[in-house]
There are 2 protein chains.
Amino acid sequence: MAPIAVTPPCEPVTTITKPYSHGLAELDASLLQTTLTTSPRPVPALGSPEMASQRTCTDHMIQATWNSETGWSAPTLTPYGPLSLMPTASCLHYATECFEGMKLYRGFDGKLRLFRPDLNCKRMLVSTNRISLPSFPPDELLKLIAKLCATDGPRWLPKDRPGSFLYIRPTMIATDPALGVQRPTEAMLYVILTCFAPMDDVPGGMKLLASQDDMVRAWPGGFGYAKVGANYGPSLVAQGEARRRGYHQILWLFGDECYVTEAGASNFFVVWRTKEEGKLQLVTASLDERIVLDGVTRRSVLELARTRLADASAAAEEEGLEPLEVVERRYTMFEVEEAAREGRLVEAFGAGTAWFVAPVGKIHFRGKDIEVPQSEGDGGRYTKAVKRWLKGIMWGEEGSEAHEWGYVVEEK
Amino acid sequence: MAPIAVTPPCEPVTTITKPYSHGLAELDASLLQTTLTTSPRPVPALGSPEMASQRTCTDHMIQATWNSETGWSAPTLTPYGPLSLMPTASCLHYATECFEGMKLYRGFDGKLRLFRPDLNCKRMLVSTNRISLPSFPPDELLKLIAKLCATDGPRWLPKDRPGSFLYIRPTMIATDPALGVQRPTEAMLYVILTCFAPMDDVPGGMKLLASQDDMVRAWPGGFGYAKVGANYGPSLVAQGEARRRGYHQILWLFGDECYVTEAGASNFFVVWRTKEEGKLQLVTASLDERIVLDGVTRRSVLELARTRLADASAAAEEEGLEPLEVVERRYTMFEVEEAAREGRLVEAFGAGTAWFVAPVGKIHFRGKDIEVPQSEGDGGRYTKAVKRWLKGIMWGEEGSEAHEWGYVVEEK
């Protein structure tokens, strides 16, 4: 994979620094100005089409504006409604935009929780830096998100719906009304909450279509690691084609070697036995080349597996699971194919906020279907164990109520 | 450059086809509904800050909306003003957006002209296809653009300002108010006209900073050939760094071989003598790998050079220019560097709608400055000849009033 090698002498053109922030007003959640709606909208029923449409937002939204001369304005919490943008707005032409994806969980213990929200807020800063949008203190973003969740959570995720969730979308866009191709001088941060149906329950597992050389999601020196809009729109032609052909997502490969990178907008994991020693491994693409998103779910799966599925782990023993080794490395579709052919492929799953942990049942690669075993019918044993553990933390199940990854939102 | 090679068997995942259009309403300029402003705004003076800000739009705009169930609405021509978009709009999250850049010229013969607008309208369709936006008949877009130009041109480009221009920005955005990562089902086309200052007159020529391996503009299998927002936002960090260091633009290189691709948002040309035979050549990156934009100015420069600068051309003889060979191929920054070192580099320029034909004076590459000769002080002889020829066609100078590349807009 030649282009990855860095030929010296090559100091980076760009170092990620905080742009513009010297002496300018910082984003400050304590300045929040609240205007509540006088006409709250009906909350869709669980399982209703509105719930699944990803169109229905809650009653309020957070907004804060920024410009390069004064910095951040006081944030506001106001009734949800349309944005007014000039037709020249930078974000409508130059994809000067980034976002995060998080969920608000109504726990089985009655509490509202976020899952590791500090990681999302920090990654949002990585994304804004990559796409020339302004910096902000990630903790302040987290406070604003928590405030919105505290405002709309009680009615939109009522206590009689334990195990349900809302999707949280922090977004930043450049709003400069000027067509010059240049670093934005005006921006808007906003946060909205939408209804969202669970996507992890795919009968028979997800069917993935491996990408071909004419469609490449990300490249070394690009921006695959950042949650910028520019990673998503260009993937939709391939994704639409995959859906048309009956697949759920594209499995994005990279290079002639067909390195496995991501599945749709999720990270991708396989469990296999090694060819040489028959060692059981959980494998996912490493972050080294920065072509893969540093997913919060990805990271959590790896951390849980490293503690609970390691040799001599009590958790593994309790679940009756053979311990495994956790590996982050480059690996190729040819290796996956060979493992399947030789009966060494144990399971595979996608992991991300939207899809959660979704078992994979089939991968189409170069004219052939690779069947992925589903040891428990609706997924593999490891997939299901990891998912159960994460669920416990997200929804505050017995024994996990106080897990450090759960961030309890105090309701009014 | 290994990843470019296509390993068989690899039929493309996606073929570009007209999506959704079967039986749906087509974009139809004859249905245009016009509502003129009752409060026309003042036209900025030539050379004023408003003229240069790229913020001042004319009095009207064209809009047309589309959805996947009914197709295109009747287009409208209405007073210029803000767009109302839901915070969930696809274009604000997934960069489902593309645009074109064109100019409206007030000719020295008093006429309003577009320059090869059919090429821009066709390329807009290439871009909408790449970014999953709807198809449209390019001719209908051209008719709408001409209508807007005929409406605002007479007052915003008055006849007493021959040689001036407005910038035309056709834009398409996905407006679906839904967060699902999927092909858009709602979109909006709009066209605006903005004031714009000439950018081609850079004293001493443009200074370019060659990109390093940590920043790549485009890659094979990506979308570098399309005018989609996703090509621009991610380039702004490097571009901002270049400006901070006193350069005008990034010269985008690709791969370990440092192939020369584009300069900022323009195509890039060099004139050099070959090492072996001392043959004079005009060289630019080929379009084969689809990492370079198929620029209308690029294409026009090549076509003019192939006819007017060929061996035994009367035009070349008239200008006193040595004929040259026109070459589209992969070429590397090392070749440019070597040509400069050996005194074979004759000149270099960027070519695009915004920058027009802008001479290059210096390129910083791996710690060293490469000086580009400027045979006529403010550019090279070939750069200036090409620019003069293009200007003649764009502004209808004597002898070029009827050139087939000029599209005359009939004024009311």
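Modeller: Let's start in chain B of this predicted model, where Ala95(B) sits in the loop that links helix H2 (90-94) to S6.

Biologist: Happy to! Why is Ala95(B) counted as buried?

Modeller: The cut-off for buried is under 20% relative accessible area. Ala95(B) has 0% relative accessibility, so it counts as buried.

Biologist: Let me turn to chain A. Where is Gln54(A) found, and what is its phi?

Modeller: Gln54(A) lies in the loop between helix H1 (49-52) and strand S2 (60-67) of chain A. Its phi is positive, about 60°, although Gln54(A) is not a glycine.

Biologist: How do you know whether Gln54(A) is buried or exposed?

Modeller: Buried requires a value under 20%, and exposed one over 50%. Gln54(A) has a relative accessible area of 12%, so it is buried.

Biologist: Back to chain B, then. What makes Gly101(B) buried?

Modeller: Its relative accessible area is 3%, and the limit is under 20%; therefore Gly101(B) is classed as buried. This glycine is in the loop between strand S6 (97-99) and strand S7 (102-106) of chain B.

Biologist: Which residues does Gly101(B) touch, leaving out those up to four places away in sequence?

Modeller: Gly101(B) touches Asn120(B), Tyr167(B), Ile168(B), Lys227(B) and Thr353(B). As for Asn129(B), 28 residues apart from Gly101(B) along the chain, the two C-alpha atoms are separated by 17 Å.

Biologist: Now the overall picture. How do you know whether the radius of gyration of chain A agrees with that of a compact globule?

Modeller: For 412 residues, a compact globule would have a radius near 22 Å; chain A has 22 Å, so the value agrees. The C-alpha trace of chain A spans about 60 × 60 × 40 Å along its principal axes, and 63% of the 412 residues count as buried.

Biologist: What share of the contacts in chain A with a separation of 6 or more comes from residues 24 or more positions apart?

Modeller: Such pairs account for 73% of them. Chain A is built with nine helices and 20 strands.

Biologist: Which residues touch the most other members of the largest nonpolar core?

Modeller: Phe268, Met333 and Ile363, in chain A and in chain B, within a core of 158 residues. Beyond its neighbours within four places in sequence, Met333(A) contacts residues including Leu251(A), Val260(A), Ile363(A) and Phe365(A).

Methods
Residues are numbered from 1 along each chain as its sequence is written. Chains are lettered from A and ligands numbered from 1 in the order in which they are written. This is a predicted model: local features need pLDDT of at least 70, side-chain atom pairs count only at pLDDT 80 or more; totals for chains, interfaces and linings use all residues. Side-chain values use heavy atoms; hydrogens and water are left out. Helices (H or I, at least four residues) and strands (E, at least two) are DSSP runs, numbered from the N terminus. The radius of gyration is taken over C-alpha atoms; the globule rule is 2.2 Å times the number of residues to the power 0.38. Buried means under 20% relative accessible area, exposed over 50%, partly exposed in between (1.4 Å probe, protein chains only). Contact means heavy atoms within 4.5 Å. A nonpolar core is a set of buried Ala, Val, Leu, Ile, Met, Phe, Trp, Tyr and Cys residues joined through side-chain atoms within 4.5 Å.
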